[in-house]
Amino acid sequence: MPELIHALGPLVHWTTIVFAVYSVLINASFALLTLLAVADLASYRRRLAFAGYDEWFLDPHARGVSVLMPAFNEAATILTSVQAMTSLRYPDFEVVVIDDGSTDDTSALLIAEFDMQEVPLVAAGSIPTQGEIVSTWVSRRGARNLALVVKTNGGKADSLNAGINYSRKELVCMVDADSLLDPDALLNVARPFADDPGNVVAAGGVVRVANGSKVDRGRVVDVKMPRRWIARIQVVEYLRAFLVGRSGWSRAGGLLVISGAFGVFRKDVLFEVDGLATDCIGEDAELVVRLHRHLGETDRKAGVVFVPEPVAWTEVPNSRAVLRMQRRRWHRGLAEILWRHKRMLFRPRYGVAGMVAMPWFVAFELLAPVVEVAGLVLMVFLLCSLAVETWLIPGWDVVNPPLVIILLTASVLFAVLVTLIALLAEEVSFRRYRGVPDLLRAIGAAVEENVGYRQMNAFWRLQGIVEALRGTTRDWGTMERQGFSDLDHARRAEARLVIGESTD
């Protein structure tokens, strides 16, 4: 036995060095992203004084936007969400809800609440769809600014493709049915298309957590940190991902992800790439990567940008079971996307996306859970080996305790630091979360994230990689919506009375 333990010494030594190098590289890359994000945010804040959003709101020639809302069994939040969408502040827009074969009363509630009339709308596009169009409706209020497309079930991507076909504006904004947009969100996120119309094909905005906040008639009127720890940690996760990660990559010119909860695209380019892929779980990210690929293969100098000000609010999972399903699905989608577009890796024709962003995502996003889980196993082994070295085999010098402690401490402190920088950027620039108690809860969540939550998340993401490698049947999963406020239930009850249903 001692001979075997001694033989493992060199392997443990070099494995520890590999983990140390990986930790240094990933932390250094996050430090660079953070610097780029700070520069991007500062530049954006300087431009705000000269943006002229009020004048643009009055411009009769502003580029029209079609807001697409795919919905499947979204009766819990659909009325509040649609009300918020139809009252956005923008000179020329429409809202298109696509009911993807809901088995609840999503469509009936909309028809009753918004006084909708069935009409035979003509599709302007020809992106292939799997689900059959059952009926199309328009609201008799607001000169057709609200439309409903009812189809058989085909998935979220298929619903969005149907919505693109039936949209009437030149820009397409994709949102989730449970998303709530700030009143000026469209004005902000559509501005890059006006400032640089030939060189922007897609733009994304910030998605934030609505859990715990007060919602009144489709508007988040009082932002609060959630009381439940699992939602609270997701608040700081979202802030870090958007205000640091996506701002940094946008500044570098290699933004690969626009959230499906809030993104705007040029419709003519969507037609060129045949819309969203229906055979990929991460259809929103896959679309952005495919746009980068299309631009590179057609030698076009356009890009994808991130705008830190527009805000969409969404409901995040409140239970570990639903969160596990979500994170597993997200990581499986990442694996499928990177494999599907592997030819872009280290190809100069794809610019920063192919030369820098995709290799980084492979090394520090896709493989991160593998390294983290392996690191946890190694840590257990090192702790056990300390006992072996101390009590069983004196003189067996495999572990350098100070080095292990320094690496662990540095990794945790750096993760907390990046999150605190995101919180600071939020506090200085936007101040959505007001009051010392909420700020302290956010700081606590930044620390709490590294004790248990981060390790669980790594295991869930690793499961997504395993599923992708095994090629198991794709499971898009479901999330039970709680509703944004008590008003949701009251308004659903009123609509059900109109359509002659029980409110029990």
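In what order do the ten strands of the open sheet run? The order is β3-β4-β5-β2-β1-β6-β11-β8-β12-β7, and the pairing is mixed. Two strands pair if DSSP finds at least two bridges between them.

This is a predicted model: local features need pLDDT of at least 70, side-chain atom pairs count only at pLDDT 80 or more, and totals for chains, interfaces and linings use all residues. Residues are numbered from 1 along each chain as its sequence is written, and side-chain values use heavy atoms, with hydrogens and water left out.

**The whole chain**

- The chain has 16 helices and twelve strands. Helices (H or I, at least four residues) and strands (E, at least two) are DSSP runs, numbered from the N terminus.
- Of the 504 residues in the chain, 54% are buried. Buried means under 20% relative accessible area, exposed over 50%, and partly exposed in between (1.4 Å probe, protein chains only).
- Contact means heavy atoms within 4.5 Å. Among contacts in the chain with a separation of 6 or more, 81% are between residues 24 or more positions apart.

- The edge strands are β3 (116-118) and β7 (180-181), and each pairs on one side only.
- Helix α4 (residues 106-113) packs on the sheet and touches β1 (65-71), β2, β3, β4 and β5. The direction of α4 makes about 155° with that of β5. Such angles run from 0 to 180 degrees between N-to-C directions, and axes are lines fitted to C-alpha atoms, for helices over the stretch in contact.
- Strand β8 (residues 200-209) and strand β12 (residues 303-314) are parallel and share eight bridges. Gly-204 has Phe-306 of β12 as its bridge partner.

**Strand β5**

- Strand β5 (residues 146-151) is mostly covered, with six of its six residues buried.
- Leu-146, Leu-148 and Val-150 point one way from β5, while Ala-147, Val-149 and Lys-151 point the other way.
- Strand β2 (residues 93-100) runs parallel to β5, joined by six bridges. Val-96 has Ala-147 of β5 as its bridge partner.
- Strand β4 (residues 133-139) runs antiparallel to β5, joined by five bridges. Thr-136 has Val-149 of β5 as its bridge partner.

**The nonpolar core**

- The largest nonpolar core holds 126 residues, and Val-67 and Val-97 touch the most other members. A nonpolar core is a set of buried Ala, Val, Leu, Ile, Met, Phe, Trp, Tyr and Cys residues joined through side-chain atoms within 4.5 Å.
- Leaving aside neighbours within four places in sequence, Val-97 contacts residues including Met-69, Ile-78, Leu-110 and Leu-148.

**Helices**

- Helix α8 lies across β8 and β12, at about 160° to β8.
- Helix α8 and helix α15 (residues 436-470) pack at an angle of about 100°, with their axes 8 Å apart. That makes α8 roughly perpendicular to α15. Angles of 65 to 115 degrees count as roughly perpendicular, under 35 as roughly parallel, over 145 as roughly antiparallel and the rest as oblique.
- Why is helix α3 (residues 78-86) described as largely enclosed by the rest of the structure? Eight of the nine residues of α3 are buried, so the helix is largely enclosed.
- Asn-161 is found in helix α5 (residues 156-166). Asn-161 counts as buried because its relative accessibility is 1%. Not counting residues up to four places away in sequence, Asn-161 touches Ile-127, Pro-128, Thr-129, Gly-275, Leu-276 and Thr-278.
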